[in-house]
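Please open the model in your viewer and keep the sequence panel beside it. The tour goes from one selection to the next and says what is found at each stop.

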Amino acid sequence: MAASAAASPRHGFLGLLLAAAAVLAAFGLGAAHATGSSDDRALLSVASLFPGPACPATAEHGPSAAASARMRIVHQHGPCSPLADAHGKPPAHDEILAADQNRVESIQRRVSATTGRDKLTKHAAPVQPGPKKSPGIHPGHSASSSTPSLPATSGRAVSTGNYVVTVGLGTPASKYTVVFDTGSDTTWVQCRPCVVKCYKQKGPLFDPAKSSTYANVSCTDSACADLDTNGCTGGHCLYAVQYGDGSYTVGFFAQDTLTIAHDAIKGFRFGCGEKNNGLFGKTAGLMGLGRGKTSLTVQAYNKYGGAFAYCLPALTTGTGYLDFGPGSAGNNARLTPMLTDKGQTFYYVGMTGIRVGGQQVPVAESVFSTAGTLVDSGTVITRLPATAYTALSSAFDKVMLARGYKKAPGYSILDTCYDFTGLSDVELPTVSLVFQGGACLDVDVSGIVYAISEAQVCLAFASNGDDESVAIVGNTQQKTYGVLYDLGKKTVGFAPGSC
């Protein structure tokens with residue numbers, strides 16, 4: 001009896017532990033396998049690959065009193081976008097991936113020109129700007145015959161800068177929805193009077209005549225010389241930006257008050273575009289967040305210390321944020337050095353390895369250091385050196401086949417695909433990108449694969465086709481992370497679970 005009495009408290013305590021574990025598991029708070037993920041596997045709901053057409057009434061990541069510069073990010077083709085009813089049918093996957101490839105080739109040409117390694121002569125030559133002279137564009141006047149000869153484009157509403165924010169411009173401020181892009185420096189919007197050519201955007205064009213704080217930048221202003229391509233007419237500075245897909249914008253380089261969330265940036269210099277054409281969707285223009293002198297990052301350095309962060313939602317039906325200041329990504333960011341000796345504009349980092357299912361993929365670190373790596377908000381699919389991609393694809397495919405998943409044909413730039421027809425959940429091997437200093441980007445399950453259809457779901461990585469072209473960490477793999485760029489501290493960071 002004494003032994004039995006002594007044992008019962010222990011049995012009762014064990015029962016309480018088991019009951020508590022059951023409650024934790026029911027709420028997804030127990031061991032990793034209870035949540036459908038662990039260090040080596042991630043549970044994917046196939047239905048989540050195909051979100052519905054409605055914008056859910058969920059918590060916003062928009063401006064708050066505590067974050068005066070925080071803006072809401074949405075996918076420009078998603079139902080939460082201010083442009084949603086302007087687009088009609090969203091672009092097809094082949095259009096998205098073709099435009100993505102154009103962007104990647106443009107970035108790699110620019111990087112090759114900076115580093116002296118011209119690897120992309122096999123591709124079409126980049127679009128050349130017209131002569132650096134007056135385009136003859138004057139507000140309220142017609143264009144003269146000295147307009148540079150700039151290319152026509154297909155005019156399709158596809159832009160690989162596929163996430164947008166809404167900003168205010170002018171005094172009083174009017175709202176404009178623009179693509180934000182870490183791979184560009186100069187911010188610009190379409191302006192009235194559009195005397196040459198403007199693509200169709202949702203909402204009115206910016207009208208300088210209605211802003212009491214608008215002014216053209218003088219040709220003698222040092223800011224005019226900061227432009228990659230500039231010109232002069234009537235003493236006013238002109239800008240021109242050409243994009244790798246043939247898109248372009250030309251107009252006056254001007255200054256006015258830019259409003260981001262609750263913050264006003266006075267004297268912000270931007271392009272007031274009066275000759276614009278290309279793959280910009282229905283947006284009003286572009287916000288440049290690169291490292292160059294004309295970027296918002298550099299112009300607002302004294303206010304925000306050269307730091308900003310964004311979080312891209314897991315689904316096109318979700319919302320994320322763009323915020324400015326050193327604390328914009330939170331305190332849990334995993335930091336890696338920003339490599340600033342490889343040229344302007346882009347954000348270079350040092351990738352050192354890849355893990356699949358928690359295991360290091362056998363790729364020499366020299367493969368990554370030879371090519372170099374940059375992080376980009378506008379590239380959709382992460383590009384890797386051929387050797388690294390082959391090892392990643394092989395390791396991923398080995399696990400998928402061992403778990404009994406059926407192969408599917410490749411699609412466009414994606415060659416490692418599976419047929420998930422009739423499946424409700426799929427167990428994927430985790431994928432992690434490792435950087436200098438030990439920072440690790442454990443790709444969210446929403447960013448491991450890219451879905452064409454249930455019958456064709458592909459690994460969301462692609463090969464550069466060689467080991468010399470720069471690797472690019474694309475936005476699909478950045479989803480749900482607060483991605484921090486800090487020019488002051490020369491760091492790039494990844495904060496998990498930020499949106």
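This is a predicted model: local features need pLDDT of at least 70, side-chain atom pairs count only at pLDDT 80 or more; totals for chains, interfaces and linings use all residues.

Residues are numbered from 1 along each chain as its sequence is written, and side-chain values use heavy atoms, with hydrogens and water left out.

Begin with the cysteines: a search of the whole structure finds 7 disulfides, a disulfide being a pair of cysteine sulfur atoms within 2.5 Å. Helices (H or I, at least four residues) and strands (E, at least two) are DSSP runs numbered from the N terminus.

Select C55 and C80, which are joined by a disulfide with an S to S distance of 2.0 Å; with 100° about the S-S bond, this link is right-handed. The pair connects distant parts of the chain, 25 residues apart, with C55 in the loop between strand 1 (41–45) and strand 2 (71–75) and C80 in the loop between strand 2 and helix 2 (84–87). Buried means under 20% relative accessible area, exposed over 50%, and partly exposed in between (1.4 Å probe, protein chains only). C55 counts as partly exposed because its relative accessibility is 35%, whereas C80, at 7%, counts as buried.

Next select C191 and C272, whose sulfur atoms are joined at 2.0 Å in a left-handed link with -120° about the S-S bond. Here C191 lies in the loop between strand 5 (188–190) and strand 6 (215–216) and C272 in strand 10 (residues 263–277), 81 residues apart; C191 and C272 are both buried.

Now move to strand 3 (residues 163–169), where 6 of the 7 residues are buried. Two strands pair if DSSP finds at least two bridges between them. Strand 3 runs antiparallel to strand 2, to which 2 bridges join it, and V74 stands opposite V164 of strand 3. With strand 4 (residues 174–181), strand 3 pairs in the antiparallel sense over 6 bridges, and V165 stands opposite V178 in strand 4. Select G170 in the hairpin of these two strands, which has 4 residues between the strands: G170 takes a positive phi near 95°.

Finish at strand 9 (residues 248–260), which is joined to strand 3 by 2 bridges and runs antiparallel to strand 3; L169 stands opposite L258 in strand 9.
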